[in-house]
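Hello,

Please find the structure below. My notes on its side-chain contacts follow.

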Amino acid sequence: MSITPPEQKVWFNEPVEKTEVVWVLIALTWALIMFAMMPLWHLKGTQNMSNEAYRIQPDVYQARVDAFVEKYKVGEEGHAKTPVVRPPAGSDVYMLARLWEWYPVLELEKGKSYRLHLSSIDWQHGFSVQPANINLQVHPGIDEVVTITPTDSGDFGIICNEYCGIGHHTMLGKIRVVAGK
Amino acid sequence: MVAKPVFRTCGFTGLKIHDEAEKLIKINAVTAIVVLALGGLFGLLVALTRWPTVHLLPADLFYLALTAHGIDILIVWCIFFEVALMYFASAILLQSRLATPKMGWVAYALMVLGAAITNWKVLEGNSSVMMTSYVPMQADPLFYVGLILFAVGALIACFIFLGTLVVAKAEKTYEGSIPLVTFGALTACIIAIYTISSGAIILIPTFLWSVGLISHIDPLMYKVVWWGMGHSSQQINVAAHIAVWYAIAAILFGAKPLSEKVSRCAYLTYIFFLQIASAHHLLVEPGLSSAYKIFNTSYGMYLAVLGSMIHGLTVPGCIEAAQRRRGFNNGMFEWLRKAPWGNPVFSGMFLSLILFGFLGGISGVTMGVEQINIMIHNTIYVPGHFHATVAAGTTLAFMAITYFLVPVLFGRELVMPGLAKLQPYLFGLGMGVFSLFMMGAGTLGVSRRHWDMAFSDAPHAFAHAPAAFLMMGIVGVSAVVAVVGGALFVLIIVGSVLFGKPAVPPAPAAAPSPVASYGNADHVAVPGTFALALLFLTMFVLYYFVNWKYLASTWIMS
């Protein structure tokens, strides 16, 4: 029994029945298929994490975001008067996370690519674009660059999904995707 | 001068039981159940807050309750029970004395003290940092001290387990190799030692940082090391509850492993590969290369997944073989239909097996894919997955074996046997539905650890799909069902220990004699189990590729 020592002292040499061998081979094959999917998706798929990230001081990041907002600001929105920023397609765009705000509101064009920079200036936050359902982790001190191409137009909520203190549930930002000209 | 160890012979199993080992098993198991009750209560408060129409607690108390629930259940309950299991699997199953019982009491005291300090600091309200406690969010220094003390206590318990194996070998209390269940406990112990060391490596500097002796801890490095503890600590549970499955199969059916070699090699894959697979928590983290992520989550994880898929066949397989030997040989599934479904030891164990495999296993492997994780990271899908593994899997298995241990160790009959029959179904099925709908809500983007999915005070507006609110409502209802099941368990066990009639061992020892001599290539065929395994694989493959399809429909990113 499983709760007593094996009957055969040298159990390792006992032959294994066919059902078990077959199942082990099936499971191994499936594991290899799953393994192959990840590199394959890097070659053929269109949703992959970028490996681009840089160490950055929070105040340096803040200065870059401020300059970016200054340059492309087109309005304000929400009761916190968050600036709305409309950068040109293909450019570097910035999103800053802090307690408890996503800054600024981005206005992007559907079907156009942007180099999106993400960083936090205090704690860790979670960048969750809904309902597109894209979820990335945002770290203080790291400037993460992801090239994104929105494929639907409309207003998208940016939910913070990494617990960041008592105001966590109010940390909601916005990306507006507008149809291209 | 060491006192001569005192033994008694168990009337139920015929095992020789070391007095000191028995006391330590009892105290650790009882403490575990008290913590389960406490942690479950916090869990109920959390669930009632996330149920949108109830929304019970204010935000600060919600995060406090969530932190307490996570630490008490994921760490304290599981590890206290596992310490009891390790002592059982070594001293009792090998019929040996326990090595250094005095140190066992020191370990126990440290664990109680540590858990109490951490709980105190959490309940004080200034350490709502969640189970993960990522820097630079800071908790009270004593919060870390409590965790460290608990870890040191658990580490001592691990070494007592290893010491007992050495004692049993030296004093020749058994012949040949250790039993498979003890081998499973050894796997859990080795993983525990690795895990606890990893926890100490990160928590000690974090403590020093919290008192101002270290000025900065890199958040990225913190997470890499933290998850060396974080996920592996759950692999202790997996190794332990699979040992419980094998134990219950042997206790109830006299089942022998189909093949010692295959089952033990499956355990070995856990030791070799699961530890480096912790990177699946870091899949959408900046600053780690895809090569690292793929290496860890494929080479590392899939070989361990292979181990779990093997246990998924061999555990029900050994039950089927035993049942067929006893004559339940008609058709594919007579062995399963005629199983003792009214015995909570069996129903708890089998529900644990099914729910862990179909819900916990499939979802875990799928969300561990580098790219698919983009849709799942930090959504409520994640707690959906780990309630299927830890609550419906581990906790239910531990409940099942407790029903067996109460008469054996405490010498008491169960009170309320009718409710005991019902209990595993209430808890298991409640948790199953709970997990499933959490995963559904996560797929719709509802985030975990979030007080208000309606975003009432936010500067912008966003509304989740109505289906997400409906699903979170179902999550609330099924949580209440599961909590009723959990409360019944605590009530029945505590009631039995305190007020149960003395259990009278049946005249001839009830130890089921091994059913004939299989355990090698000659065992009877297990077609029913193989059919179940193929059903499992089919669902796994379908679910896996549906998720890729879903991923392909979201924004393009690189």
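A charge sits over a ring if NZ of Lys or CZ of Arg is within 6 Å of the ring centre and within 35 degrees of the ring normal. The charged end of Arg264(B) meets this rule over the ring of Trp11(A), 4.9 Å from its centre. Lys26(B) lies over the face of Phe410(B), 5.1 Å from the ring centre.

Before the rest, some ground rules. This is a predicted model, where local features need pLDDT of at least 70 and side-chain atom pairs count only at pLDDT 80 or more, while totals for chains, interfaces and linings use all residues. Residues are numbered from 1 along each chain as its sequence is written, chains are lettered from A and ligands numbered from 1 in the order in which they are written, and side-chain values use heavy atoms, with hydrogens and water left out.

Next, salt bridges. A salt bridge is a side-chain nitrogen of Lys or Arg within 4 Å of a carboxyl oxygen of Asp or Glu. Over all chains, the count is 26. In one of them, Glu77(A) meets Arg176(A) at 2.9 Å, N to O. Glu77(A) lies in strand S2 (residues 73-77) of chain A and Arg176(A) in strand S12 (residues 172-178), so the pair ties together parts 99 residues apart in sequence. Strands (E, at least two residues) and helices (H or I, at least four) are DSSP runs, numbered from the N terminus.

Arg176(A) also forms a salt bridge with Glu107(A), with the closest N and O atoms 3.7 Å apart. Glu107(A) is in strand S6 (residues 105-109) of chain A, so this pair ties together parts 69 residues apart. Glu107(A) is buried at 12% relative accessibility. Buried means under 20% relative accessible area, exposed over 50%, and partly exposed in between (1.4 Å probe, protein chains only).

Glu109(A) and Lys112(A) meet at 3.1 Å, N to O. Glu109(A) is buried at 10%. Lys112(A) is partly exposed at 35%. Shared partners join these residues into one network, which includes Arg86(A), Asp155(A) and Lys174(A).

Now the rings. Rings of Phe, Tyr and Trp (its six-membered ring) pair if their centres lie within 6.5 Å; planes under 30 degrees apart are stacked, over 60 edge-to-face, the rest tilted. There are 35 aromatic pairs over all chains. Trp245(B) and Phe356(B) have centres 5.9 Å apart and planes at 75°, so they are edge-to-face. They link helix H6 (residues 219-253) and helix H10 (residues 344-367) of chain B, 111 residues apart. Trp245(B) is buried at 3%.
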